[in-house]
Amino acid sequence: MAPPSPIEPADGATVPLASLSKLTWKPARDPDGKPIGAYHIQVSPREDFLHPVSPNFDSLIRSGDTNWGLPSGWLVPGRIYYWRVR
């Protein structure tokens, strides 16, 4: 099952880039209730996620961590970005 909801930044939130260092979400569980061991994170300037910012922002992390540090210098201040995790 997908993670139930983002924590930081919250769904629909507008956050200044200077104060954003990571993406955080609530943990997901498999159908048996066990914690998920990997997450796929995407960051895109498009709501439909057709194009990620770069391959660095279309990432698979193989851990149960529920946060991902944003690579620095890739996002442009003042621009709108969307993110999702599965």
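1. Proline 71 makes contacts with Asn56 and Phe57, leaving aside residues up to four places away in sequence. This description, like those below, concerns a predicted model. Proline 71 lies in the loop that runs between strand S5 (67-69) and strand S6 (82-85). The C-alpha atom of proline 71 is 8.8 Å from that of lysine 22, although 49 residues separate the two along the chain.

2. The exposure of proline 71 deserves a separate remark. Its relative accessibility is 25%.

3. An open sheet is built from 3 strands in the order S1-S2-S5, with antiparallel pairing. From one strand to the next, the twist averages 25 degrees.

4. The pairing of S2 with S5 can be described at the level of residues. Strand S2 (residues 22-25) and S5 run antiparallel and are joined by 3 bridges. Leucine 23 has tryptophan 68, in S5, as its bridge partner.

5. The largest nonpolar core comprises 14 residues. Those touching the most other members are Leu23, Trp25, Tyr39, Ile41, Val43, Trp68 and Leu70. Two or more residues are contributed by each of S2, strand S3 (39-44) and S6. S3 supplies the largest share, with 3 residues. In soluble globular proteins, nonpolar side chains tend to be buried together.

6. Which residues does isoleucine 41 contact, leaving aside its neighbours within four places in sequence? The partners of isoleucine 41 are Leu23, Trp25, Phe57, Asp58, Ser59, Ile61, Trp68, Arg84 and Val85. Phe57, named here as a partner of isoleucine 41, is also touched by proline 71. Leu23 and Trp68, both in contact with isoleucine 41, are the bridge partners mentioned above for S2 and S5.

7. How many salt bridges does a search of the whole structure find? The search finds 1. Aspartate 48 and arginine 46 form a salt bridge, in which the closest N and O atoms are 2.6 Å apart. Aspartate 48 is partly exposed, at a relative accessible area of 44%. Arginine 46 likewise counts as partly exposed, at 34% relative accessibility.

Terms used
Residues are numbered from 1 along each chain as its sequence is written. This is a predicted model: local features need pLDDT of at least 70, side-chain atom pairs count only at pLDDT 80 or more; totals for chains, interfaces and linings use all residues. Side-chain values use heavy atoms; hydrogens and water are left out. Helices (H or I, at least four residues) and strands (E, at least two) are DSSP runs, numbered from the N terminus. Buried means under 20% relative accessible area, exposed over 50%, partly exposed in between (1.4 Å probe, protein chains only). Contact means heavy atoms within 4.5 Å. A salt bridge is a side-chain nitrogen of Lys or Arg within 4 Å of a carboxyl oxygen of Asp or Glu. Two strands pair if DSSP finds at least two bridges between them. Axes are lines fitted to C-alpha atoms, for helices over the stretch in contact, and angles run from 0 to 180 degrees between N-to-C directions. A nonpolar core is a set of buried Ala, Val, Leu, Ile, Met, Phe, Trp, Tyr and Cys residues joined through side-chain atoms within 4.5 Å.
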